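This briefing is intended for a reader who has the model at hand.

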Amino acid sequence: MCFRPAQVTMTACPECGKPNKPVSKVCESCGATLPEPNIVTMDDDPSNPANAKRAAQQAAAPAAPAAPAAPAAPKPPTA
Ligand SMILES: [Zn+2]
């Protein structure tokens with residue numbers, strides 16, 4: 001027998017913080033998608049070509065405009 005103590009790592013909901021079963025795909029409380037601890041996510045692996053490509057795309061894309069669009073200049077009345 002391989003008795004294991006009831007020490008299950010609960011997956012805390014990233015949205016509401018509710019502990020969910022590791023097997024849960026979504027939060028029992030709010031329904032948010034839960035991370036899957038058993039699956040190695042490639043999101044933070046820079047050595048992964050897919051992520052490197054995505055990171056490059058994100059780096060190339062402007063995060064935000066440097067300045068908001070200038071307010072419309074008052075047009076001179078066309079007389
Ligand atoms: Zn939740």
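**Briefing on the protein chain**

With 14 C-beta neighbours inside 10 Å, Ala12 counts as partly exposed, because that class lies between the exposed limit of 12 or fewer and the buried limit of 20 or more. The model is predicted, and its protein chain contains one helix and two strands. Buried residues account for 5% of the 79 residues in the chain.

**Architecture and contacts**

- Read from the N terminus, the order of elements in the protein chain is β-β-α.
- Of the contacts in the protein chain between residues at least 6 apart in sequence, 6% link residues at least 24 apart.

**Confidence**

- The mean pLDDT of the protein chain is 76, and 57% of the residues reach at least 70.
- By element, confidence is highest in E2, with a mean of 92, and lowest in H1, with a mean of 71.

**Ala12 in strand E1**

- Ala12 belongs to strand E1, which covers residues 11-12.
- Beyond its neighbours within four places in sequence, Ala12 makes contact with Gly17 and Pro19.
- Ala12 and Cys27 are 15 residues apart along the chain, and their C-alpha atoms are separated by 8.4 Å.

**Lys21 in the loop between E2 and H1**

- Lys21 is located in the loop that runs between E2 and H1.
- Lys21 is exposed because 12 other C-beta atoms lie within 10 Å, and a residue with 12 or fewer falls in that class.

**Cys30 in the loop between E2 and H1**

- Cys30 is placed in the loop between strand E2 (19-20) and helix H1 (49-60).
- Cys30 counts as exposed, since it has 12 C-beta neighbours inside 10 Å.
- When residues up to four places away in sequence are not counted, Cys30 touches Cys13, Glu15 and Cys16.
- The C-alpha atoms of Cys30 and Lys18 are separated by 8.6 Å, the two residues being twelve apart along the chain.

Notes. Residues numbered from 1 in each chain as written. Predicted model: local features only at pLDDT ≥ 70, side-chain atom pairs only at ≥ 80, totals over all residues. Helix = DSSP H or I, 4+ residues; strand = E, 2+ residues; numbered from the N terminus. Contact = placed C-beta atoms within 7 Å. pLDDT = per-residue confidence, 0-100.
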